[in-house]
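Trainee: I would like to learn how to read the features of a structure. Please take me through them one at a time.

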Amino acid sequence: MIQLQNITKYYPVGLGRNFILKDIDLTINEGEFVSIMGPSGSGKSTLLHIMGLLEEPSEGQYLFEGERVDKMNEKKRTQLHRGSIGFVFQAYHLIDELTVYENIETPLLYKNVSASERKSRVADVLDRFNIVAKKDLFPNQLSGGQQQLVGIARAIVAEPRVILADEPTGNLHSDQAKSIMELFKELNEKDKITIVQVTHSDVNATYGNRIIQLRDGHIRS
Amino acid sequence: MLKRYIVLAFRNLRRQRLFTFINIAGLAISMAVCLMVLVSLHETFSYDNFHPHAGRIFRVTTKVETTDGRKYHMASTPLPLGEAINAGYKDVEQVTSVYSALIDDAAANGKEIPVRAAFTNEAFFRIFGFKLKWGNANTIFADPNSIVVSDNLAQRYFGAGNPVGKVIRFSKYGNYTISGVLETPPSHSHLDFDAYASLAAVPVLEQSKALPQMLQSWDQVQGAYTYVLMKEGKGSKAINDLLAVESHRYDIMKKEKRGSLSFASQPLNKITPSQELYDDITSSPPWGKVLTEALVALGLLICACFNYINLTIVRSLQRAKEVGIQKVNGAQRWQIFLQFIIESVILCFLSFILAITMLSIARPDLRIWNAEILLLFLVFSFVTGVVAGIIPAWSLSSFQPVKVLKNMVDIKLFGGIGLRKTLIVIQFTLSIASIFFLITVARQFSYKAVVDMGFARKDILDVPLEKTNYELIKQRMLGLKDVEACTATSGVLGMPRETRFCRIRTRENKEGIEFGYYATDNDFIKTMHLTLVAGTNFPAANTDQERYIVINERAAGALGNKTPGEAIGQNVWLNDSTQVSIVGVLKNFNYQPIEVDIRPMALRFLPQEFTKLQLKMAKGDKPAQVAAVQDIWQSFNPGKEWKAEWMDESLAARNGREVVSMLSFLVFICTLIAALGLLGIVSYTSFIRRKEISVRKVLGADVISLLVLLSQNYLKLIFIAALIAMPIGILGSSFFLRIFAYRVSLGILPMALGFLGLFVLALITILSQTWATVQVNPAKNLRND
């Protein structure tokens, strides 16, 4: 599903280059639940961003479902965001001015889903995550765990094939973290969604079926 | 989708109260000004929009070149031109002349009212779209002494009801029978006479010398206007061709080098706004004024838009996250762009509502509740929203999600600080330059109000003379114990356009010199406290024949005398006919407003030109004095409307108070908008820099150094604006002062004080925001991160 070949990312610093990622070769198959681990500054987030098309690699090839996407233009990339990739962030990144319901609805709006279908799909997700009662609240009225729940609901409402999660439990205490991770596991097993998460926590990493260790821009396996 | 944009816009506006307030207040104030201008523009451009054949109607104008080479473009033509065109051209459907000569007080139904009427013919009603409320258009001028009056005039004379058949009496021009009443037209017209009488009445009036000889005169261009309705399909080319033929009448004149005349045409829709032709009749504002108004209003609006642009860009740090999330969720750039445009349009609509509310409270007389105008306003605020929103929307929609979501601090704002600084500098430059200009204008006008023009103005009552014998009424007035002196005159000193002109010729100087003059009796010098430097006043017992004149020093010099004394006894000819001798020379004084230099002038004894009595009153109970004078005046003029003015008040009324208050208003708004913008910017940047301030505080910075740190950039901008504004303000002020022959110097000190005032205002604005930032407990900002 995701094939990275010789992916390198660097920033020019003075006359030289500062390498974030170097020669990453990585294949993630459909249905996998992969955890990327490593110390701060090892390039985990950058790797995730490249997978999510938020950043472009400096060198190397990236094939998403067999299609080369590393040099895609912004429009095609946006199409992929809409259809295939869902994001979950450490800081939740909900829109403060929108209610829970509206936040979840947002990706469908951009996907031009009809109003009636939007309604039923958002209702389904709210129901499944047990947050129907909270649908008219604003993000700042929710606890961190609840906000992340909404963040995940928003990520899956457009039915993506991959969820990329950047330290999804980094801001949560352990009880909340546990329920979020169980939710990921369920999504992976029941809905067959491929999940790639970046995490610091060994406990969280065990929920996945593969762990990739990153250090100084290299994969150590 | 649209609903979502609107919801987002409203929630954002509600959350950012200060931002919303500054923008809506600034936009609403400048929009209110724009709307006022829009109403007046709408009115200006709706002149004469009710004539069914408007596209085929032309006014003939005359280009005159005098013998000394001066050129005039006159709106009027020789009176016989209309008849000549009517007689000879197949492309012409109808021609009418409008001869504006019937202007006098007229009596009917026991009331005497000043009437401004013109002579015309029946074609007038076939060319123009004026409709008759009463009367038959085809037989309207069947009787040569018939007159069609406006609805307004009819109501003033007779109230409601049909006045057809009633008679209006002009003392000088005879009786006229009302044959019709015009409906009030749906919009303004440049033809706004109170009444139209039949042109057939003119020959008799010319014979009786009530009117000058114009009917057959091809070289007098004054007061007569010719309108032509061309046949279907014949446009300006056809009329210009026939006017070229008519212009050949003046070939001889050209050959003999007596100047020249030629005709041109002006389509009806080009008559308003006025092109400032000479002798025009339109009451519409001239193009210059229309454009100035529009420019000022647009300038204010642009300043308010600058605020929106600046504040939105600064605030974009807070919106960046939202944009990043939207993009990660699949939003394309144009969708984000659209969202911000919609937000600014909504803001403009809110401002628009506020502007309309303010206007309908402040100017309830303004006719804004009109579908067409409201629609215009709506379109206008929509366009404003789009224009104001484009730059911020472009800037915000360009954010790369990964940068925004990763690290909010190093976002590079569009145009960076340069753009924002430029906009602030432009706003303050405008504000400071207009303050400088205002100060000069106010100083000049206050100088004008108090300057000693060389004649008395206190306690002098100006009373119209009407047609009474001046000696009789003067004797009665002098009988009042409070009247210290009394004089009859043709005009009030110091008022514009009250001077009359004649040509004075001496034995040596055959060409002559143009003189201003006032027709006065021999009490004028005493009443006005004028000073004779040589010779004497008119003799007390003056005969009907004009024999003596009094001139001023400037005139004595112009007539070739080295000292005023030399002029005494000199014989001169007035207008080539009257021989008079100079009996006195007056010290120079400003008989005209101080815009004009003192020129040669004379006092002449011409009782037939007296129009006013000027009474010098003793100090005392003013209303009682006026009542006593009115009693006598009313006994001479029964039934007439009494209007008297105190000379000092009527002179003071011309001190430009309106101009100054209008300018102050504009300066106030301009400064207010700039200050609001500054407030917003400082508030947001202080907010953004609060962490830096906290760090500095922890490291030991004191309050003063932090205030300086936060404020210095903005103060620098204001100084830069002042530097740019100074030459603009000084240049504008000098141009303004050049209008006046007697003027104040360019006051650098008052301007500096004006700038200081603005500077203090800006300082308070800045401190109001930075003070709180500096006071805050650093632990609070550093902990929550």
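Trainee: Which strands of chain A does helix H1 lie across?

Mentor: Helix H1 (residues 44–51) of chain A lies across S1, S2 and strand S4 (59–64), and runs at about 60 degrees to S2(A). Helices (H or I, at least four residues) and strands (E, at least two) are DSSP runs, numbered from the N terminus. Contact means heavy atoms within 4.5 Å. Axes are lines fitted to C-alpha atoms, for helices over the stretch in contact, and angles run from 0 to 180 degrees between N-to-C directions.

Trainee: What conventions apply to the model and its numbering?

Mentor: This is a predicted model, in which local features need pLDDT of at least 70 and side-chain atom pairs count only at pLDDT 80 or more, while totals for chains, interfaces and linings use all residues. Residues are numbered from 1 along each chain as its sequence is written, chains are lettered from A and ligands numbered from 1 in the order in which they are written, and side-chain values use heavy atoms, with hydrogens and water left out.

Trainee: What is the strand order in the open sheet of chain A?

Mentor: Strands of a sheet pair through backbone hydrogen bonds, either parallel or antiparallel. Two strands pair if DSSP finds at least two bridges between them. In chain A, 4 strands form an open sheet in the order S2-S1-S4-S5, with antiparallel pairing. Strand S2 (16–28) and strand S5 (67–68) stand at the edges with a single partner strand each, so one side of each has no neighbour in the sheet. Strand S1 (residues 2–13) of chain A is joined to S2(A) by 9 bridges, and A:Lys9 stands opposite A:Leu21 in S2(A).

Trainee: Is B:Phe515 buried or exposed?

Mentor: Buried means under 20% relative accessible area, exposed over 50%, partly exposed in between (1.4 Å probe, protein chains only). B:Phe515 has a relative accessible area of 0%, so this residue is buried. B:Phe515 lies in strand S15 (residues 513–519) of chain B.

Trainee: What does S15(B) pair with, and in which sense?

Mentor: S15(B) pairs with S20(B) in the parallel sense over 4 bridges, with B:Ala519 opposite B:Arg604. Strand S17 (residues 548–552) of chain B pairs with S20(B) in the antiparallel sense over 3 bridges, and B:Ala602 is the bridge partner of B:Ile551. Strand S20 (residues 601–604) is covered on both faces: B:Met601 and B:Leu603 on one side, and B:Ala602 and B:Arg604 on the other, are all buried.

Trainee: How is the crossing of helices H3 and H7 of chain B described?

Mentor: Two packed helices are described by the angle between their axes and the distance between the axes. The axes of helix H3 (residues 81–88) and helix H7 (residues 236–247) of chain B come within 11 Å and cross at roughly 120 degrees. B:Leu81, B:Ala84 and B:Ile85 of H3(B) make the contact with B:Leu242, B:Leu243 and B:Glu246 of H7(B). By class, this contact has 5 nonpolar, no polar and 1 charged residues. Ala, Val, Leu, Ile, Met, Phe, Trp, Tyr, Cys and Pro count as nonpolar, Asp, Glu, Lys and Arg as charged, and the others, Gly among them, as polar.

Trainee: Which peptide bond is cis, and where is B:Pro273?

Mentor: Most residues other than glycine have a negative phi, and most peptide bonds are trans. A cis peptide bond joins B:Thr272 and B:Pro273, with omega about -10 degrees. B:Pro273 is in the loop between strand S11 (260–267) and helix H9 (287–328) of chain B.

Trainee: What is phi for A:Asn112 and for B:Lys209?

Mentor: A:Asn112 has a positive phi, near 60 degrees, and is exposed at 63% relative accessibility. B:Lys209 has a positive phi of about 65 degrees and is exposed, with a relative accessible area of 69%.
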